[in-house]
Amino acid sequence: MKLAKRLVLTTTALAAVTAATLLSATVGSAAASQPARTGVDVPAALKVPDGNRLTGVFSAEGVQVYTCTDGAWKLLEPAATLWAKNDHSRRTVALHSRGPVWVSTVDGSAVNAAALVTSPKAGTIPELLLKSTATRGTGVFADVSYIQRLNTRGGVAPSTACTGTEQTSVPYSATYTFYKPAK
């Protein structure tokens, strides 16, 4: 069953990449080229350090995948699609997965990151400030320095006990903001 779930997630992600590549060749570039306001309240602890500029604001929907480890649910990976915050057609411009990593479906650029600060939020996964650990490519995610996960909804691990190697996927949504060093 575990393999079947991973195959479904992988197939869905590949279909999204293919569709997005065909349908939205320039959406990601347009969204990243114009700094935008986040439109979301940012806790003081999650503020990006001075010397960085906002380069992209993306809405996201997906799942937080949890696996049973020693009788408790542990995060395995996120699986989400991102689109430009103001794009009402919600054309996929990036995929978010284990790493954590974000990969542009428009230009293939990518950014890996690690959480620096966690800001708990009742009834939902926490908001985060992440620092880039690596980037790839010359597109929308090239040279990203910081990422914020804001405006989170859902995604909390089940509070029930688990057994064996069960997995479960919990829907979530968030706003991701991307920053690059100011030049």
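## Close-ups of a predicted chain

**Figure 1. R90 sits in the loop between β2 and β3.** This is a predicted model, so to speak of local features a pLDDT of at least 70 is needed, side-chain atom pairs count only at pLDDT 80 or more, and totals for chains, interfaces and linings use all residues. Numbering runs from 1 along each chain as its sequence is written, and side-chain values use heavy atoms, with hydrogens and water left out. Helices (H or I, at least four residues) and strands (E, at least two) are DSSP runs, numbered from the N terminus. R90 has phi near 60°, a positive value in a residue other than glycine. With a relative accessible area of 38%, R90 is partly exposed; buried means under 20%, exposed over 50%, and partly exposed in between (1.4 Å probe, protein chains only).

**Figure 2. D70 lies in the loop between β1 and β2.** Here too phi is positive in a residue other than glycine: the value for D70 is near 55°. At 81% relative accessible area, D70 counts as exposed. For context, most residues other than glycine have a negative phi, and most peptide bonds are trans.

**Figure 3. A cis peptide bond leads from G99 to P100.** Omega for this bond is near -10°. P100 belongs to the loop between β3 (94-97) and β4 (101-104). Setting aside neighbours within four places in sequence, P100 is in contact (heavy atoms within 4.5 Å) with V111, N112, A113 and L130.

Figure 4. The search uses a 1 Å grid over the protein atoms alone: a cavity is a set of points where a 1.4 Å probe fits but cannot get out, while a pocket is an open set with protein on both sides within 12 Å along at least five of seven lines, and lining residues have an atom within 4 Å of a point. The lining has 18 residues, with L75, P78, P100, L128 and R149 nearest the centre. Elements giving two or more residues to that lining are β1 (52-69), β2 (72-84) and β6 (124-136). Sorted by class, the lining comes out as 12 nonpolar, three polar and three charged residues. Nonpolar here covers Ala, Val, Leu, Ile, Met, Phe, Trp, Tyr, Cys and Pro, charged covers Asp, Glu, Lys and Arg, and the others, Gly among them, are polar.

**Figure 5. T124, a residue of strand β6, is buried.** Its relative accessibility is 11%. A polar atom of the T124 side chain lies 3.2 Å from the backbone nitrogen of R153. Beyond neighbours within four places in sequence, T124 is in contact with T152, R153, G154 and V156.

**Figure 6. The whole chain has two helices and eight strands.** Along the sequence the order is α-α-β-β-β-β-β-β-β-β. The chain has 183 residues, and 44% of them count as buried. Of the contacts with a separation of 6 or more, 62% come from residues 24 or more positions apart.

Methods:
A polar contact is a pair of N or O atoms within 3.5 Å; within protein, one must be able to donate a hydrogen and the other to accept it, and residues adjacent in sequence count only if both atoms are side-chain atoms.
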